[in-house]
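Dear colleague,

I am handing over a structure that you have not worked with before, and I would be glad if you could look through it with the notes below beside you.

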Amino acid sequence: MSDDQISMDHMDYANLTQTALRGVIRSALTRATTPEGLPGEHHFYVTFLTRFEGVQVPADLLAKYPHDITIVLQHQFRDLKVLENLFTVTLSFGGAPKVLVVPYTAITRFYDPSVQFILEFDVVEGDEDEDDLSQDLSITPMADTDKPDTLPEDAGPKVVSLDQFRKK
């Protein structure tokens, strides 16, 4: 085969890589469920698509965040359950507890600012329109006011991009 010919990726390495990296998220969340909780200063910002298949978000949050939402898992979360394909967690929004169900495939960003570790995923949902895709909504539902409302643009050298694995 010549250099000009690009062979078909029948292994679907891009998908395999994304699945493996979502396993990192699952393992980190599992660590948070231990009696000791999150070690050291570790905490997570998890951004996910609110209308992705399998996501369950209360209607009032869905109305407020119709495209995506960023949640913080640090001190004030409870009932975190980590399953094979999704996690559930109870967070407080405006003082009211809300249960969220998040499939790992709905996650677009996982960030642990204590060590500047970011995983980013290109998630495409079939029934979104372009107006929804242009919105960049995120929140931090934790009561602590010293946390930033957005994620830093420069997350340091530990950014993992899947672009190099994509078909060109």
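This is a predicted model: local features need pLDDT of at least 70, side-chain atom pairs count only at pLDDT 80 or more; totals for chains, interfaces and linings use all residues.

I begin with the open sheet, which has 3 strands in the order β3-β4-β5, paired in the antiparallel sense. Because β3 and β5 (residues 96-103) stand at the edges and have a single partner strand each, one side of each of them is left without a neighbour in the sheet. From one strand to the next, the twist averages 15°. Between β3 and β4, which run antiparallel, there are 4 bridges, and V82 is found opposite F87 of β4.

A second pairing involves β1 and β2, which are joined in the antiparallel sense over 6 bridges; within it, Y45 has V72 in β2 as its bridge partner. Strand β2 is largely enclosed by the rest of the structure, because 6 of its 6 residues are buried. If you follow its side chains, D68, T70 and V72 point one way while I69, I71 and L73 point the other way, and all of them are buried.

Helix α1, which covers residues 13-32, lies across β3 and β4 and runs at about 130° to β3. Its 20 residues reach 29 Å from the first C-alpha to the last, which is close to the 28 Å expected at 1.5 Å a residue. The buried residues of α1 include A14, L21, I25, A28 and L29, and also Q18 and R22.

These elements come together in the largest nonpolar core, which has 33 residues and in which F48, I71, F87 and L100 have the most contacts. Two or more residues are given to this core by each of α1, β1 (44-49), β2 (68-73), β3, β4, β5 and β6 (107-112), and α1 gives the most, with 5 residues. As background, nonpolar side chains tend to be buried together in soluble globular proteins.

Is K98 buried or exposed? Its relative accessibility is 15%, so K98 counts as buried, given that the cut-off for this class is under 20%. The side chain of K98 makes a polar contact, at 2.7 Å, with the side chain of D60. Apart from residues up to four places away in sequence, K98 touches P58, D60, L61, V89, T90, L91 and F93.

The other residue is L83, which is found in the loop between β3 (77-82) and β4 (86-93). With a relative accessibility of 47%, L83 counts as partly exposed, because that class lies between the 20% and 50% cut-offs. When its neighbours within four places in sequence are set aside, L83 is in contact with R26 and Y104. The C-alpha atoms of L83 and L29 are separated by 9.8 Å, although these two residues are 54 residues apart along the chain.

With best wishes

Conventions:
Residues are numbered from 1 along each chain as its sequence is written. Side-chain values use heavy atoms; hydrogens and water are left out. Buried means under 20% relative accessible area, exposed over 50%, partly exposed in between (1.4 Å probe, protein chains only). Contact means heavy atoms within 4.5 Å. Two strands pair if DSSP finds at least two bridges between them. Axes are lines fitted to C-alpha atoms, for helices over the stretch in contact, and angles run from 0 to 180 degrees between N-to-C directions. The expected span of a helix is 1.5 Å times one less than its number of residues. A nonpolar core is a set of buried Ala, Val, Leu, Ile, Met, Phe, Trp, Tyr and Cys residues joined through side-chain atoms within 4.5 Å. A polar contact is a pair of N or O atoms within 3.5 Å; within protein, one must be able to donate a hydrogen and the other to accept it, and residues adjacent in sequence count only if both atoms are side-chain atoms.
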